[in-house]
Structures are given as C-alpha cells and as structure tokens.
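Below are some notes for a colleague who has not looked at this structure before. Please read them with the model open.

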Amino acid sequence: MAPKGKELFEDLKKIIFNLHKNGLGYMLISKRIHICVNTVAEVIQKYEATGWLTNKHRPGCPILTARNIRHIQRRVMDDMRRTASSLAQEVSSQTVRRSLNQCGLHGRIPRRKPLLTTRHNISILHSFAETYYKFRLISFDYQSNGVHILL
C-alpha cells in the first residue's frame, strides 16, 4: 500500500460530508472544493464505515507543549553547556534539540582555550612591554617570580 499524503482538516471533511448529504456526487464535490475524487470517496466511505470524521490519535512520543518548551529553554539558558540528553526526561533528546533549534538556540561546541605555559606568558609579557612601554625584558627569575626590566 502506498504512503498517504497529509491528512485533511476536520472542517474540510465536514464540508465534504455535508455536500454529500445534500445529494452531490463525488465528481461535483471534488470540482467544487478542488480536491481529488478519490480523496472525497475515501472521506465519505470512512465516515460510513466508522461514523467518525475526526483524525485518529496515533501512538508515539508525546509532543512537547509550549510550557515544556519554555521550561527546557529556561534550563538551557541557566547552563549553556547542558546536553540535550540530560534535558530529555519524557521525550527523546532529538525532540529536545529540535525544539531548542526552533527557539533559536543551536548547539555549539565551545572553542578550547589554548594552554598557556610560563614560556608563553613570558613571550606575551615581553612583546607587550616592547610595544607599549619600550622596555626590554632581560630575564625572568622563576624562583622569586620576579621580572627584571632594563630601561
């Protein structure tokens, strides 16, 4: 069986059924509403078989409400490094990611800060002193943590 398209709105199904109840055929209803004849036939046949025009509720993961989305968004704004899997309690982590993306919060990995050794710190201090104060660093004493500057 081929996959079906999108479901019709319940209002449109009621219009189709009312037109059929007034005596119009499938072809006239499809031309008037601009819907395929087979779709009109399916709606009417389904009503005659079940007595319902509403769409069935399908099983699956629960859909997040607006309140749940705001709660997740608030928890993320408190701690930006929180993972989606730690936020997912009742729903999947993919659902959490999707709802955060819709709010404009996209997952980013923070850039690692480079490790600065004492040699790096000395070179940074040296270049800063030369450019801004016209000083020249002569030596750096590791024992006393003192910097000897030559004017």
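1. On terms: a residue is called buried under 20% relative accessible area, exposed over 50%, and partly exposed in between, using a 1.4 Å probe and protein chains only. The model is a predicted one, in which local features need pLDDT of at least 70 and side-chain atom pairs count only at pLDDT 80 or more, while totals for chains, interfaces and linings use all residues. Residues are numbered from 1 along each chain as its sequence is written, and side-chain values use heavy atoms, with hydrogens and water left out.

2. Cysteines. Cys36 has a relative accessible area of 45%, so it counts as partly exposed. Cys103, at 31%, is partly exposed too. A disulfide is a covalent bond between the sulfur atoms of two cysteines. The search of the whole structure finds 0 disulfides, taking a pair of cysteine sulfur atoms within 2.5 Å as the criterion.

3. Ser30. This residue belongs to helix H2, residues 26–33; helices are DSSP runs of H or I with at least four residues, numbered from the N terminus. Ser30 is buried because its relative accessible area is 7%. Not counting residues up to four places away in sequence, Ser30 touches Ile35, Cys36, Val37 and Val40, where contact means heavy atoms within 4.5 Å.

4. Val76. Helix H4, residues 66–78, holds Val76. With a relative accessible area of 7%, Val76 is buried. Which residues does Val76 contact, leaving aside neighbours within four places in sequence? They are Leu87, Leu100 and Leu105. Val76 and Leu105 are 29 residues apart in sequence, and their C-alpha atoms are 8.8 Å apart in space.

5. Aromatic pair. The whole structure has 1 aromatic pair, meaning rings of Phe, Tyr or Trp (its six-membered ring) with centres within 6.5 Å; planes under 30 degrees apart are stacked, over 60 edge-to-face, and the rest tilted. Phe17 and Tyr47 form this pair, which is tilted, at 4.0 Å centre to centre and 50° between the planes. The pair links distant parts of the chain, 30 residues apart: Phe17 in helix H1 (residues 10–21) and Tyr47 in helix H3 (residues 37–50). Phe17 is buried at 14% relative accessible area, whereas Tyr47 is partly exposed at 26%.

6. Tyr132. Helix H7, residues 118–132, includes Tyr132. Tyr132 is exposed, because its relative accessible area is 60%.

Notes
Helices (H or I, at least four residues) and strands (E, at least two) are DSSP runs, numbered from the N terminus.
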